[in-house]
Amino acid sequence: MKKYKVVVYAITKNEEKFISRWINSMKEADEIYVLDTGSTDNTVKLLKENNVKVTQKIIHPWRFDTARNESLKLVPKDTDICVCTDLDEVFIKGWRKKLEKIWDNDTTRLAYNYNWYIDNDGNPKVNFYIEKIHSRFDYKWTHPVHEVLIYTGNSTEIKKTTNEITLNHYPDRNKSRGNYLQLLELAVKENPEDDRNMHYLGREYMYYKRWNEAIETLIKHLNLKNATWHDERCASMRFIARCYLNLNRIEESRLYLKMAINEATYLRDPYVEYALLEYNQRNWDEVITTCNKALKIRNHPKSYINEIFSWDHTIYDLLSIALFYQERYDEALFYVNKAIEICSNEKRLFKNKELIEKKLKNETA
């Protein structure tokens with residue numbers, strides 16, 4: 001097996017609490033380079049104490065792609081393989097040997113397993129491939145936020161994909177991401193035909209509860225000629241439905257959820273979201289029918305557009321409640337037990353189970 005020079009590079013700001021864990025994961029590399037963009041805590045001190053090569057630079061105006069490109073400049077030119085990570089990410093041990101086994105002299109980029117969301121029990125709930133391992137030259141980062149790595153070479157890009165390498169994400173969920181909206185607005189202004197950025201901007205307006213702006217932007221996404229990825233189109237339709245629901249426009253919400261189902265019949269997400277809508281309207285027949293359709297979908301796609309509620313206890317919870325209100329208590333008990341198997345810390349589920357069992361006892365008394 002050939003020996004390659006492997007270098008990790010990253011950007012950081014005020015992430016001292018992640019440093020020990022991150023370095024322990026990344027130390028399989030030959031060298032680690034970090035661009036610090038203005039830390040005021042002990043981040044720089046701790047990195048240097050652990051033999052990380054740190055450069056400090058203020059990026060103004062702030063853009064993630066600029067920062068990433070500046071950090072890539074730090075990587076020595078004799079590097080064979082560049083590994084870009086963030087400090088809240090951790091490789092499963094042994095990644096370096098697996099990387100060298102997969103890589104060859106013609107490889108330019110590697111896609112590998114990324115667990116973006118891991119629940120409190122350590123179960124990955126949102127998993128997809130990312131492609132942030134790459135050769136030293138002919139790559140650059142683009143987009144002010146939700147930045148992507150693009151190939152700039154003249155020859156053909158040679159990609160490989162592996163499930164042998166896994167990177168886990170353990171973010172600080174309290175960290176402010178308040179600059180994302182402004183940066184997304186800038187991204188769309190720079191490239192109004194970019195379907196990905198338009199989708200992200202509409203989603204961000206939704207997060208800010210700017211319902212009408214979100215609807216308008218997401219409809220723009222659906223109308224872009226490059227917006228052809230069914231998963232993302234389905235998500236835009238679901239988000240439009242959420243906005244209409246918050247505006248108490250139930251029929252429009254229902255319409256867009258039906259459109260979302262038709263757009264991507266192979267995804268659970270639109271079915272479950274539709275079931276949630278009908279649950280709130282107490283349309284128990286629709287809840288049961290739609291949840292059963294969702295359960296027929298067994299394939300959990302490796303995509304960042306995955307809703308946690310599509311693969312946790314939610315479907316079983318909805319079924320148990322809808323069946324309870326239809327006085328189908330045996331079936332309701334079956335599904336509440338299924339929900340408890342997945343989510344044993346939810347007290348409400350146990351209370352529901354007690355209520356169902358009480359009804360069953362009364363029936364047999």
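Predicted model: local features only at pLDDT ≥ 70, side-chain atom pairs only at ≥ 80, totals over all residues.
View A. Residues are numbered from 1 along each chain as its sequence is written, and side-chain values use heavy atoms, with hydrogens and water left out. Asp-138 sits in the loop between β7 (124-134) and β8 (139-142); helices (H or I, at least four residues) and strands (E, at least two) are DSSP runs, numbered from the N terminus. The phi angle of Asp-138 is near 70 degrees, a positive value in a residue other than glycine. With a relative accessible area of 39%, Asp-138 is partly exposed.

**View B. His-146 and its neighbours.** Move along to the loop between β8 and β9 (148-151), and you will find His-146. His-146 has a phi near 50 degrees, which is again positive in a residue other than glycine. Is His-146 buried or exposed? At 18% relative accessibility, His-146 counts as buried. Leaving aside residues up to four places away in sequence, His-146 touches Tyr-180, Leu-184, Arg-196, Tyr-200 and Arg-203, where contact means heavy atoms within 4.5 Å.

**View C. The salt bridge of Arg-68 with Glu-147.** The structure holds 27 salt bridges, each one a side-chain nitrogen of Lys or Arg within 4 Å of a carboxyl oxygen of Asp or Glu. In this view, the side chains of Arg-68 and Glu-147 meet at 2.8 Å, N to O. Arg-68 belongs to helix α3 and Glu-147 to the loop between β8 and β9, so the pair ties together parts that lie 79 residues apart in sequence. Arg-68 and Glu-147 are both buried.

View D. His-60 and Pro-61 are joined by a cis peptide bond, with omega at about -5 degrees. Look for Pro-61 in the loop between β3 (53-56) and α3 (64-73).

**View E. The pairing of α6 with α7.** Helix α6 (residues 195-207) packs against helix α7 (residues 211-223) at an angle of about 165 degrees, and their axes are 8 Å apart. Axes are lines fitted to C-alpha atoms, for helices over the stretch in contact, and angles run from 0 to 180 degrees between N-to-C directions. Which way do α6 and α7 run relative to each other? They are roughly antiparallel; the scale counts under 35 degrees as roughly parallel, over 145 as roughly antiparallel, 65 to 115 as roughly perpendicular and the rest as oblique. The crossing of α6 and α7 is left-handed, meaning that the near helix is turned anticlockwise from the far one by less than a right angle (clockwise would be right-handed). Residues making the contact include Met-198, Leu-201 and Arg-203 of α6, and Trp-211, Glu-213 and Leu-218 of α7. By class, the contact has 7 nonpolar, 4 polar and 4 charged residues, with Ala, Val, Leu, Ile, Met, Phe, Trp, Tyr, Cys and Pro counted as nonpolar, Asp, Glu, Lys and Arg as charged, and the others, Gly among them, as polar.

View F. Glu-213 forms a salt bridge with Arg-210, their closest N and O atoms being 2.7 Å apart. Glu-213 is partly exposed, at a relative accessible area of 31%, and Arg-210 is partly exposed too, at 30%. Elsewhere, salt bridges that share partners join Arg-109, Glu-131, Glu-157 and Lys-159 into one network. Within that group, the side chains of Arg-109 and Glu-131 meet at 3.7 Å, N to O. This pair links distant parts of the chain, with Arg-109 in strand β6 (residues 109-118) and Glu-131 in strand β7, 22 residues apart. Arg-109 counts as buried at 6% relative accessibility, whereas Glu-131, at 28%, counts as partly exposed.

**View G. The pairing of α12 with α13.** Helix α12 (residues 314-325) and helix α13 (residues 329-342) pack at about 160 degrees, with their axes 8 Å apart. That makes the two helices roughly antiparallel. α12 passes α13 in a left-handed crossing. Among the contact residues are Tyr-316, Leu-319 and Phe-324 of α12, together with Tyr-329, Tyr-335 and Ile-342 of α13. The contact divides into 10 nonpolar, 1 polar and 3 charged residues.

How values were computed:
Buried < 20%, exposed > 50% of the residue type's maximum accessible area, 1.4 Å probe, protein only.
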